[in-house]
Amino acid sequence: MTMPDRGGRVLPESTGHDPFDALVIRTDFGDDASWHAVVEELLRPWGPDGAFPPRVRLIDAPAWSGATADDVLAAVGEDDDLGVVFLADRATRDSPARALLALTTIRDDDGDLDPVHYQDLIDAPEPREFRAAPAAIHGIHVNVALGNLDFAEFAAAAAKEPDRVLRPF
């Protein structure tokens, strides 16, 4: 499914990938060398002693250029198997760690939470995003997909880092 963004542009389909493939969308096209360095890191084996092969779906299409976090979340919203999406944006290009923007796709923004039971969540919603080094995204994606850890736990770990960038654990 394609989704129009707020500017009337149509974003390409991003669904139909294996649920265990981390989805990385390039939204900044200002520096190909930086993007290729990110891709190189994403395609390295990961886990203890590099035990796991990389599982990633890269979307490198100029139609995504300049897409905001909200644009991307709207475009991937129909993918029920996707709990987190990663953006290679301008901040990724400018970051010494090449930190990708991790966005949770699981939100309850429609205001249907019952304040009697969920006032704490209404008052302090869970984080929507954090930054992660490319080498960390496989572990984040797999653990969120399996339900081993939730997005907020990763966001909290990133917030504790001096540069607020989560690295492999």
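Is R128 buried, partly exposed or exposed? R128 counts as partly exposed, because its relative accessibility is 27%. The cut-offs: buried is under 20% relative accessible area, exposed is over 50%, and partly exposed lies in between (1.4 Å probe, protein chains only).

The model is predicted; local features need pLDDT of at least 70, side-chain atom pairs count only at pLDDT 80 or more, and totals for chains, interfaces and linings use all residues. Residues are numbered from 1 along each chain as its sequence is written, and side-chain values use heavy atoms, with hydrogens and water left out.

**View 1. R128 and D70 form a salt bridge.** The closest N and O atoms are 2.4 Å apart. A salt bridge here is a side-chain nitrogen of Lys or Arg within 4 Å of a carboxyl oxygen of Asp or Glu. That rule gives a count of eleven salt bridges. D70 is partly exposed, at 37% relative accessibility.

**View 2. R131 pairs with D89.** This salt bridge has an N to O distance of 2.9 Å. R131 sits in strand β7, D89 in the loop between β5 (84-88) and α3 (90-94), so the pair ties together parts 42 residues apart in sequence. Strands are DSSP runs of E, at least two residues; helices are runs of H or I, at least four; both are numbered from the N terminus. D89 is buried, with a relative accessible area of 15%.

**View 3. R26, D32 and D60 are linked in a network of salt bridges.** Within it, R26 meets D32 at 2.8 Å, N to O. R26 is buried at 3% relative accessibility, whereas D32 is partly exposed at 44%.
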